Amino acid sequence: MFDLVLQNARLVTERTICDATIGINDGHIACIATVNESLEGARYLDCAGKLVLPGFIDLHVHFNEPGLTRREDYCTGSAGAAAGGITLFADMPLSNAPYTLTTEDVREKIERASRGSVVDFAIWGGFIEDNVSEMAPMVEAGAYGFKMFTCDAGDGFPTPTPETMQRGFAQAKELGTFIGVHCEDQAAMDRNALLCPPEMDEIDRFLEIHNPETELSAVRAAIKLAKQSGAHLHVCHASLPETVDLVTQARQRGVSASVETCPQYLLCTSDDLHRIRGPLKCTPPVRDRNAVEGLWQRLADGAVDFLGTDHSPAETWEKNQASFDACWGGINGVQYLFSLLHTEGVVRRKLDIRQLVRLYSAEPARFIGQYPKKGTLEEGSEASFVLFDPNAEWTIQADKQLTKHQQTPYDGMHCTGRIEQTWLRGVPVCTYDFDTGRYRLTGEAGAGKLVTPVNNKGKKE
């Protein structure tokens, strides 16, 4: 007898779409039978009309704990993640206080997430000027990888000097870890700011300061560091198709590199930024329509490694300032990636849904060394899955989020396809309530487990 049997399941992985009956024991997939086979279970879940997808993996979120929990914390952030079908997230080392720059910082975040998260988690460390000596003990403590900025990230998170970057990349290679880079050229942005006339519109000025070349220049420099060191470079939140092309070309030359993009760069344009204003402010900024279309083409071609939300929330007042310059920069969107990109990609652009599963389940699982334990549904895999209605029509309402603050640039967007249930190792953690139109958290704080990388990038045998 199985603990749970999924009946009438339409199973979707990166490789397969098939009808199946699925038996689950001890939080793992124990049997995948044909849809006509009968399995005996202690409980049954009828999946008729729904897709059964591997739990999603978002390796780029900011949940603000410790220190800035007025914006988000591990309980509220992971609840929103669960509503978005996410069963594993990786939390960034800044937008919290203190930043995650030492072994003690990593241990504190792990302890807090272990108490508060309803889904599994990984923890990023920060790479700054100068904490190279902390990298090895941070990895030992459980750090997933290291985030570096090539631009000003605020007091307390200083950009490494070129010499420190070289040492840090070399250390990453030695440790078998990787460095994820926020690629914007600070010197170029400073020059752009000086050229903008004082009377220029705030949003136009913001877009010109952060123009495409500031991103591309920084990507070229980061690729050079990866080539020299042999370390793995991960380019965070690419906003341009040309960024993806630079990474593709680098890989063809033997450089170890990967690239992600985010839903805002696939859905929104600079025209939308003028309309939505503060809630859509982020860096790099959203681009023009040609960039959006170019990113979709790279995604369809398989050139993008995986997707992440770059969820970076703020209190509503911080996003609704009269002055655009005063608005906090960051997107509240951890709850919506799959439904939005199913709508825009699968429904409107005829993208194979298996591609979307690859980008948000299988590839991030491979990147963190957890595939096929996570990121797919096959015999022996974790029973962490999403029940998804591909035909549900609904509209995003900011006031129905499970994250802490009720603002998002996606407010009012129409979706085809809705997550109805999220399960973690055979236990339901979040369920859509048809009576209220809200998600109901059924998982418990502290149910999530720390996930550390296996077979890290560039690790010496």
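Which residues in H8 meet which residues in H11? Let's start there, with a quick word on the model as we go.

In H8, the residues are Pro241, Val244 and Asp245, and they meet Ala291, Gly294, Leu295 and Arg298 in H11; to meet here is to be in contact, with heavy atoms within 4.5 Å. Helices are DSSP runs of H or I with at least four residues, strands are runs of E with at least two, and both are numbered from the N terminus. This is a predicted model, where local features need pLDDT of at least 70 and side-chain atom pairs count only at pLDDT 80 or more, while totals for chains, interfaces and linings use all residues. Residues are numbered from 1 along each chain as its sequence is written, and side-chain values use heavy atoms, with hydrogens and water left out.

Back to the helices. H8 covers residues 241-252, and its axis comes within 8 Å of the axis of H11, crossing at roughly 35°. Axes are lines fitted to C-alpha atoms, for helices over the stretch in contact, with angles from 0 to 180 degrees between N-to-C directions. The contact of H8 with H11 has four nonpolar, one polar and two charged residues. For those classes, Ala, Val, Leu, Ile, Met, Phe, Trp, Tyr, Cys and Pro count as nonpolar, Asp, Glu, Lys and Arg as charged, and the others, Gly among them, as polar.

H11, residues 289-301, has another partner in H13, residues 337-349: their axes are 13 Å apart, at an angle of about 75°. That makes H11 roughly perpendicular to H13, a label for angles of 65 to 115 degrees. Here Arg289, Glu293 and Trp296 of H11 meet Leu341, Glu344, Gly345 and Arg349 of H13. By class, the contact of H11 with H13 has two nonpolar, one polar and four charged residues.

Of the 100 residues in the largest nonpolar core, Leu53, Phe169, Leu233, Leu307 and Phe338 touch the most other members. Such a core is a set of buried Ala, Val, Leu, Ile, Met, Phe, Trp, Tyr and Cys residues joined through side-chain atoms within 4.5 Å. Buried means under 20% relative accessible area, exposed means over 50%, and partly exposed is in between, with a 1.4 Å probe and protein chains only. Helix H7, residues 212-229, gives this core its largest share, seven residues. Beyond four places in sequence, the contacts of Leu307 include Leu299, Leu337 and Leu341. Apart from this core lies another, of 16 residues, including Ala20 and Leu377.

And the cysteines? The count of disulfides, pairs of cysteine sulfur atoms within 2.5 Å, comes to zero. The sulfur of Cys262 has its closest cysteine sulfur in Cys282, 8.0 Å away, too far for a bond. Cys415 is in no disulfide either, with the nearest cysteine sulfur, that of Cys268, 12 Å away. Cys262 is buried at 0% relative accessibility, and Cys415 is buried at 0% as well.

Ser117 sits in the loop between helix H2 (103-116) and strand E8 (120-126), and at 0% relative accessibility it is buried. Among its contacts beyond four places in sequence are Tyr74, Phe89 and Glu444.

His274, in helix H10 (residues 270-276), is partly exposed at 32%. Thanks, everyone!

Notes. Parallel < 35°, antiparallel > 145°, perpendicular 65-115°, else oblique.
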